[in-house]
Amino acid sequence: MAMQQKFGPNGWTPERLSSLKGKTFVITGATAGAGFEATRVLLSKGAKVVMMNRNADKSAAAIARLKQELGTDAQVTFVQMDLAVLDSVREAAAKIMARVHRIDALICNAAIAQVARQEITVDGFESQLGVNHFGHFLLCGLLFERIEASGGRIVVVGSNAYKMGLKRIQFEDLNFDKKYTPWNAYAQSKLAQMMFAYELQRRVEAAGKRTRVLVCHPGAARTNLLKDTAGPLQKALWAVLSLLAQSAEKGAWPEVMCATEEGLEPAKLYGPTRFEMVGPVGECPLEDLALNREMAAKLWTLSEQKTSLRWAL
């Protein structure tokens, strides 16, 4: 049964949420866009939210805005982290482990997209693959013990770009040194994120663990994802397409659903169901390439090597 049918003609909405008091959510990239809106929804239901953001000033402004709207007792805090720098991810994860004693869901929301020219992170990764995949892979691994102990979830925010571009992980040239294009590099990074999530769920189940891993996408939502990275052509194209897009608030609903709703199945993709871009939130078609076990296992091994992280699963 499609999720849209399960939740009725309007799909999943935050109206389904009951009190979230006593629950703690950790979310990356929450100063604006879908991450900020997801934080607002979770806080409005009484949850604690820990934002992991790169910019301290924007984080302070976001927290001030949330407290002004929801009240000074809104339980929202901030840990600084730059997903493009693995040492920063390690330091931030250590702070989370020391300060946050329960994680009901880690929402991997942060992303960069359509980086106009090839950029390489300090750790030697093409920037979109480094931020979107390797940074989150390391963060999930470092926080996994706390998530597992909490009976929590990992929510990976993917993108329909996974089924575009090259439709594979370009292991022979991960950084696109031979021919870089913003779109192919972005598509690879989102495919990597989703393949990692499905592989993690398989390994969790095989190990008899209880953590649940769910994958969603925001559809076409009006966020600032392309603001700082895309070239003029991509920005101009998005300016036109955004006229047909939904709000950032609705773009946040799939990740909130995956972080809170009971009865969701693994190895699925959740998001807006109308052309997979807007409309009621539910289950979306998932192409088999995202579930390719051979490619996912190879990516997992490579990711462990690149991040110097060995998962005990």
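Author: The dialogue below takes up a helix, its surroundings, and several charged pairs.

Author: Please keep in mind that this is a predicted model.

Reader: Is H2 mostly covered or mostly uncovered?

Author: A residue counts as buried under 20% relative accessible area. In H2, 11 of the 12 residues are buried, among them Gly-33, Phe-36, Val-41 and Leu-43.

Reader: What covers the buried residues of H2?

Author: The cover includes strands S1 (24–28), S2 (48–53), S3 (76–80) and S4 (105–108), together with helices H3 (56–70) and H8 (248–260).

Reader: In which sense do S2 and S3 pair, and over how many bridges?

Author: S2 and S3 pair in the parallel sense over five bridges. The chain crosses from S2 through H3 to S3, a right-handed β-α-β crossover. Within this pairing, Val-49 stands opposite Val-76 in S3.

Reader: How many salt bridges does the structure hold?

Author: Side chains of opposite charge can pair when their charged atoms come close. The structure holds 12 salt bridges. One of them joins the side chains of Glu-37 and Arg-40, at 2.5 Å from N to O. Both residues lie in helix H2, three residues apart, about one turn of the helix.

Reader: Why do Glu-37 and Arg-40 count as buried?

Author: The cut-off is under 20% relative accessible area. Glu-37 is buried because its relative accessible area is 11%, and Arg-40 counts as buried because its relative accessibility is 18%.

Reader: Which residue forms a salt bridge with Arg-203?

Author: The partner is Glu-199, with the closest N and O atoms 2.7 Å apart. Glu-199 also forms a salt bridge with Arg-202, where the closest N and O atoms are 2.8 Å apart. Glu-199 and Arg-202 both lie in helix H6 (residues 182–206), as does Arg-203, four residues from Glu-199. Glu-199 is buried at 8% relative accessibility and Arg-202 is buried at 17%, whereas Arg-203 is partly exposed at 28%.

Reader: Which residues are linked in a network of salt bridges?

Author: Lys-23, Arg-102 and Asp-104 are linked in this way.

Methods: Residues are numbered from 1 along each chain as its sequence is written. This is a predicted model: local features need pLDDT of at least 70, side-chain atom pairs count only at pLDDT 80 or more; totals for chains, interfaces and linings use all residues. Side-chain values use heavy atoms; hydrogens and water are left out. Buried means under 20% relative accessible area, exposed over 50%, partly exposed in between (1.4 Å probe, protein chains only). Helices (H or I, at least four residues) and strands (E, at least two) are DSSP runs, numbered from the N terminus. Contact means heavy atoms within 4.5 Å. Two strands pair if DSSP finds at least two bridges between them. A crossover is right-handed if, with the strands pointing away from the viewer, the path from the first strand over the helix to the second runs clockwise. A salt bridge is a side-chain nitrogen of Lys or Arg within 4 Å of a carboxyl oxygen of Asp or Glu.
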